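Please find my notes on the model below, as numbered points.

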Amino acid sequence: MGMKSKIALGAVVGIVVIGAVSANADNGGTGSADKGTSASADRQPGGNAKDAGADAGQGGEKPGTTDKAEKKASQAEQFKAFVEENGTAQEKEAVAHVIKVQGADEQNDILDTADIYTDFTGGIMGEGSGPAKLIASAFADWKQSENGLVTVYDADGELLGNGQF
C-alpha cells in the first residue's frame, strides 16, 4: 500500500469517526420516546400534564409554582433543601457548611462534574475531610449520573474530598 493510499484511508476513517461522534452528540439523549410523547401531549388541547395532575386530585396549588421557586433558588439552596428533607442528622450538619454548588444543573451522563464549596478550613488534613464524604454522599442522593464526579473544596479552594454520583 502506497503512502498516498494510507493517508487517504486515514482521512476517511477520521471523517467517519468524527461523523459518528457528532451524530451521537446531536442526539444528546433527547431522542427518547418518553420526552417526545410528553411534549406532544402538552401541545394537544385537554391532554397536557397540568390538567392530568388536577384531574388526579393533586390540585390545590397553581401548576408550576414549585418549579419556578426551585429554579430561582441557587444550586446550593436546592441541595440544602433536599438534604434537609431527606438527609440524616450527620448529613444535615455537614451540608450546613456548604456555601456554593456549581455544575449540578447541567448533566449529559458522559462526564458530569460538580463542585461544592464549603466554609471548612485546613484542606484534606483539616476538620472538613470527614464531612466532605458525607456531603459527597448526600449529593449522590440528590443528583444521579452514569459517570459523575462531585468534588468538595474548603474555604481556601483546597480539595477536601470527592465522590461519584
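1. The secondary structure of the protein chain amounts to seven helices and four strands; these are DSSP runs, with helices (H or I) of at least four residues and strands (E) of at least two, numbered from the N terminus. Read from the N terminus, the order is α-α-α-α-α-α-β-β-α-β-β.

2. The model is predicted, so local features need pLDDT of at least 70 and side-chain atom pairs count only at pLDDT 80 or more, while totals for chains, interfaces and linings use all residues. Residues are numbered from 1 along each chain as its sequence is written, and side-chain values use heavy atoms, with hydrogens and water left out.

3. The mean pLDDT (the predictor's confidence in each residue, from 0 to 100) is 75 for the protein chain, and 57% of the residues reach 70 or more. Over residues 27-65 the pLDDT is below 50, and this stretch has 12 contacts in the model beyond near neighbours in sequence; a contact means heavy atoms within 4.5 Å. Where pLDDT is low, the predicted coordinates should not be read in detail.

4. The protein chain has 165 residues, and 22% of them count as buried. Buried means under 20% relative accessible area, exposed over 50%, and partly exposed in between, with a 1.4 Å probe and protein chains only. The accessible surface of the protein chain is about 11200 Å², with 54% belonging to carbon and sulfur atoms; areas come from the Shrake-Rupley method with a 1.4 Å probe, and for residues only the protein chains shown count as cover. Of the contacts between residues at least 6 apart in sequence, 53% join residues at least 24 apart.

5. Helix 5 (residues 75-86) has 12 residues, and its first and last C-alpha atoms are 16 Å apart, close to the 16 Å expected at 1.5 Å a residue. The expected span is 1.5 Å times one less than the number of residues. Gln-75, Ala-76, Phe-79 and Val-83 are buried in helix 5. Down the helix axis these buried residues fall within an arc of 100 degrees, so they line one face; the arc is that of the directions from the axis to the C-beta atoms. Glu-84 and Glu-85 are exposed on the other side of helix 5.

6. What covers the buried residues of helix 5? The cover includes helix 6 (89-95), strand 1 (98-102), strand 2 (112-118) and helix 7 (129-142).

7. Helix 7 has 14 residues, which should span 20 Å at 1.5 Å a residue, and its end C-alpha atoms are 20 Å apart, in agreement. Its buried residues are Ala-132, Ile-135, Ala-136, Ala-138, Phe-139 and Trp-142. They fall within an arc of 165 degrees seen down the axis, so they line one face of helix 7. They pack against helix 5, helix 6, strand 1 and strand 2, as well as strand 3 (148-153) and strand 4 (159-164).

8. There are five aromatic pairs, counting rings of Phe, Tyr and Trp (its six-membered ring) with centres within 6.5 Å; planes under 30 degrees apart are stacked, over 60 edge-to-face and the rest tilted. Phe-79 and Trp-142 form a tilted pair, 5.4 Å centre to centre with 35 degrees between the planes. This pair links helix 5 to helix 7, with Phe-79 and Trp-142 63 residues apart. Phe-79 is buried at 0% relative accessibility, and Trp-142 is buried at 14%.

9. The ring centres of Phe-139 and Trp-142 are 5.6 Å apart with planes at 80 degrees, so this pair is edge-to-face. Both residues lie in helix 7, three residues apart, about one turn. Phe-139 is buried, with a relative accessible area of 0%. Ring pairs link Phe-79, Phe-139, Trp-142 and Phe-165 into a cluster.
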